[in-house]
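Please read them alongside the model.

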Amino acid sequence: MIGLYSNAQILSDSTVQFVGYWNLNESQLYNIVNQKYKINGQDTVSREIFRYDSEMTIIDSSSNGYTIKWTYKNFDYKTDNKFTEKLMKLAEDMSIIYTTDNLGAFQEIKNFKEIKSTIDRSIDSLVIEFKDIPNINSIIQQVKQTFTTKEAIQNAGINEILYFHSPFGTLYNINLAYSNDTQLTNLYGGKPFDAKVESEIVEVDTANTSAVVKIFTTVDSKQATEATYEYIKQLSKSTNTPEPKREDIPTLNIQTRFASNVHMPSGWVLYAINIKEVTSGEHTNIEQTELSLK
């Protein structure tokens, strides 16, 4: 149960700052629902739903920040893709140990070697089990790329953790909308993508001492399209398939919509949602992740 503390984050000068006021050994359980859709034109051609819990525990606390253990558990699936199902099960009961700064903003994973060793052993077993899937080696290689380095895991392998900590440390004026340019990690391994980020506080509930922040991110389409083309070319070489023509690669548009509702006196996230939409021609991939306090 979330308690009320005297440390208020809604400041007198119409500003809001998200700060984690977490106590040593304090723990909260979150339900996470991850949905993936593939749309072709007006038709939804596939849908996958994964539900699981994540227990977040403060295992160390100092003036410099927090050390946190995030454990995945209680997985439930709705998918016809047995490979994806087995892939998700690799995270069952896995714990991520990581640190934040004194405000609660994510810093780094601390048990990277342990995670990588566990994932590598598990993924290698999938190669044998699903050896009859076409291009299984290429698929496995893509998965392994996510866990090759600590930076790779932090950029693509712990999305729920990043969503949780996304608002923390930022100071907002309640009456202003913000727009800034940034760079986002290129998961294909090339140069970072330029992106525009728009954010604002959309709701302050003084009665329930919570605030909602909204963040909208748009990736540079030209850079994303070129990176995709280069990746497909490399994939074609490794699989001995015909290399695509540049003109056959449609423009890639990547947009992300994020919102988080934070209990201000404690810093515990009450609810967060992240929707990533990738559109290429008539094809759209949507991944929606919801995180809610149980």
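1. Glu-108 counts as partly exposed, at 27% relative accessibility. The classes are buried under 20% relative accessible area, exposed over 50%, and partly exposed in between, using a 1.4 Å probe and protein chains only. Lys-150 sits in helix 4 (residues 150–156) and Glu-108 in strand 6 (residues 106–109), so the pair ties together parts 42 residues apart in sequence. Here a salt bridge is a side-chain nitrogen of Lys or Arg within 4 Å of a carboxyl oxygen of Asp or Glu. Helices (H or I, at least four residues) and strands (E, at least two) are DSSP runs, numbered from the N terminus.

2. A note on the source. This is a predicted model, in which local features need pLDDT of at least 70 and side-chain atom pairs count only at pLDDT 80 or more, while totals for chains, interfaces and linings use all residues. Residues are numbered from 1 along each chain as its sequence is written, and side-chain values use heavy atoms, with hydrogens and water left out.

3. Which residues are linked in a network of salt bridges? They are Glu-108, Lys-110 and Lys-150. The structure as a whole holds 9 salt bridges.

4. Lys-73 and Glu-55 also pair through their side chains, in a salt bridge of 3.1 Å, N to O. This pair links distant parts of the chain: Lys-73 is in strand 4 (residues 65–78), Glu-55 in strand 3 (residues 43–62), 18 residues apart. Both ends are partly exposed. Lys-73 has a relative accessible area of 22%; Glu-55 has 27%.

5. Check Glu-277 and Arg-257 next. Their salt bridge has its closest N and O atoms 4.0 Å apart. Glu-277 lies in strand 12 (residues 269–280) and Arg-257 in strand 11 (residues 252–263), so parts 20 residues apart in sequence are tied together. Glu-277 is partly exposed, with a relative accessible area of 24%. Arg-257 is partly exposed too, at 35%.

6. Is Thr-256 buried or exposed? Thr-256 is buried, with a relative accessible area of 17%. Its place is in strand 11. Leaving out residues up to four places away in sequence, Thr-256 touches Ile-215, Phe-216, Thr-217, Asn-274, Ile-275 and Lys-276. Contact means heavy atoms within 4.5 Å.
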